[in-house]
Amino acid sequence: MRLGPADFAALASELTAQLAGARVQKVFSLARAAVALQLKTKDGTVWLLVRAGAAYGRLSVLADKPVLRDEPPPFQALARRHLEGAVLREAAAADRAVVLRLTAGEVPLALVAVMDGGGALAVAESGRVRALDAPRGAAPPELLPGKPFIDPTAAALAAEPSPTRLVAGEGPLPLLRAAEAAVGSTERAAAARVTLRPLERKLARLVRTLEKVRGETGREVEVEGHRKAGELLKRNLHLIARGQREVRLEDYRDDGSVEAVTLKLDPAKGGAEQVRWHFHQYKRLTRGVEVARERLARLLLEREALEAQKQRALAQSPDAFVEAPDAPAVREPEAAAVPFRTYESFSGARIWVGKGPAQNDLLTFRLARPHHVWLHARGVGGAHVVVPLEKNVELSQDVLVDA
């Protein structure tokens, strides 16, 4: 649910009635435009959350100490400088804004939360705005640091309070706790979705890739077929002539049986060339299956890590917040990153070399075509190398050596 003016008025009234006189011990910035104040009261410690913004803005009480950010923004240091040690006097709400009025000795202070748009938090001291936390490009002009502070709730007309939609429970600060239960749960669910969406998309892509790579690892029958064809043709070279499109040969099995086998031929190749082609395909596909198996193992580990990350996101911290986006900035279009370096052989032929592990996979499995030639040093880590040949063009020996 989203809180409205009547809800904020009721929350400010309860805050004034039950927490006036509390001292601010610590200030923690939990997200953009969201701070937790550790208040010391005569009955103990209260964690007061001040969350700005239209979608999830609220005054509420947290059940436990919040999870702190690893790298707090500069606003935290500025808010601590002005607010820590100050005494809370009252809270007021009007015109989609909430103001906590405090004093540090005789110095008047204010913490302002704007409940419109992406939200904004500001700290004012002695009639001046001292610090602001808001999405970039969306800061209210009247709350920019250095501006004279005009309390947005000071001129609010006294009116008969409207009933709040919050359902108060038992115990102290019932409305402030109800606000966290209602709005905080909605924000935590939204934060989990924001985290899960890219993970689920990445998992879906990974599953599709796994299916393709599993297909590559299952080409043993094709690989073995090239080996057998090469050996059978080698034993029967005298029966093969250039121009033939197929040949029928007898294959003697280990058990003594004989099987008639028909092999397709390339009419442009002679017998010895046909044999070399089959053995070349056998070696190339054998290596391809090995690479696919290695890649399959990496992909399975990656899927396991992503699924674990998804489970962690599902069990996300109870203090998850949705970050308000910055105003879109105009950016120059970036050129697509090329995953390989281009070299030239002595004869001027292009040679592509992958820049790193991820770029190697992109080069080999996305950019290289079936008629290109792929090379890799056996048994050692290193770059994938592709010679981008045109169709029906054979790789010359000098380009092969250079590659």
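Glu-187 is buried, its relative accessible area being 0%, where buried stands for under 20% relative accessible area, exposed for over 50% and partly exposed for what lies in between, computed with a 1.4 Å probe and protein chains only. The structure is a predicted model, in which local features need pLDDT of at least 70 and side-chain atom pairs count only at pLDDT 80 or more, whereas totals for chains, interfaces and linings use all residues. Residues are numbered from 1 along each chain as its sequence is written, and side-chain values use heavy atoms, with hydrogens and water left out.

The side chain of Glu-187 meets that of Arg-58 in a salt bridge (2.9 Å, N to O), a term that covers a side-chain nitrogen of Lys or Arg within 4 Å of a carboxyl oxygen of Asp or Glu. Because Glu-187 lies in helix 3 and Arg-58 in strand 4 (residues 58-62), the pair ties together parts that are 129 residues apart in sequence. Arg-58 also counts as buried, at 1% relative accessibility. Helices (H or I, at least four residues) and strands (E, at least two) are DSSP runs, numbered from the N terminus. Both residues belong to a network of salt bridges that links Arg-51, Arg-58, Glu-180, Glu-187 and Arg-188.

## Other salt bridges

Over the whole structure, a search finds 26 salt bridges. In one of them, the side chains of Arg-165 and Asp-7 meet at 2.9 Å, N to O, and this pair links distant parts of the chain, with Arg-165 in the loop between strand 9 (128-133) and helix 3 and Asp-7 in helix 1 (residues 5-19), 158 residues apart. Arg-165 is partly exposed, with a relative accessible area of 48%, whereas Asp-7 is buried, with a value of 2%.

Another salt bridge joins Glu-290 and Arg-287, whose closest N and O atoms are 3.0 Å apart. Both residues lie in helix 5 (residues 271-314), three residues apart, which is about one turn of the helix. Glu-290 counts as partly exposed at 27% relative accessibility, while Arg-287, with a relative accessible area of 14%, is buried.

The C-alpha atom of Leu-11 is separated by 8.5 Å from that of Ala-93, although the two residues are 82 residues apart along the chain.

In helix 2 (residues 74-83), the buried residues are Phe-75, Gln-76, Ala-79, His-82 and Leu-83. Seen down the axis of helix 2, these buried residues fall within an arc of 140°, so they line one face of the helix; the arc is that of the directions from the helix axis to the C-beta atoms. Pro-74 and Arg-81, on the other side of helix 2, are exposed.

## A positive patch on the surface

Arg-193, Arg-197, Arg-201, Lys-202, Arg-205, Arg-208, Lys-212 and Arg-366 gather on the surface in a patch of positive charge. Patches are made of residues with over 30% relative accessible area and no salt bridge, like charges being joined within 9 Å and nonpolar side chains (Val, Leu, Ile, Met, Phe, Trp, Tyr) within 5 Å.

Helix 3 (residues 174-217) gives the most to the positive patch, with seven residues. Lys-212 is found in helix 3 and is exposed, with a relative accessible area of 65%.

Methods:
Accessible areas come from the Shrake-Rupley method with a 1.4 Å probe; for residues, only the protein chains shown count as cover. Lys and Arg count as positive and Asp and Glu as negative; His and the chain ends are not counted. The place of a charge is taken as NZ of Lys, CZ of Arg, CG of Asp or CD of Glu.
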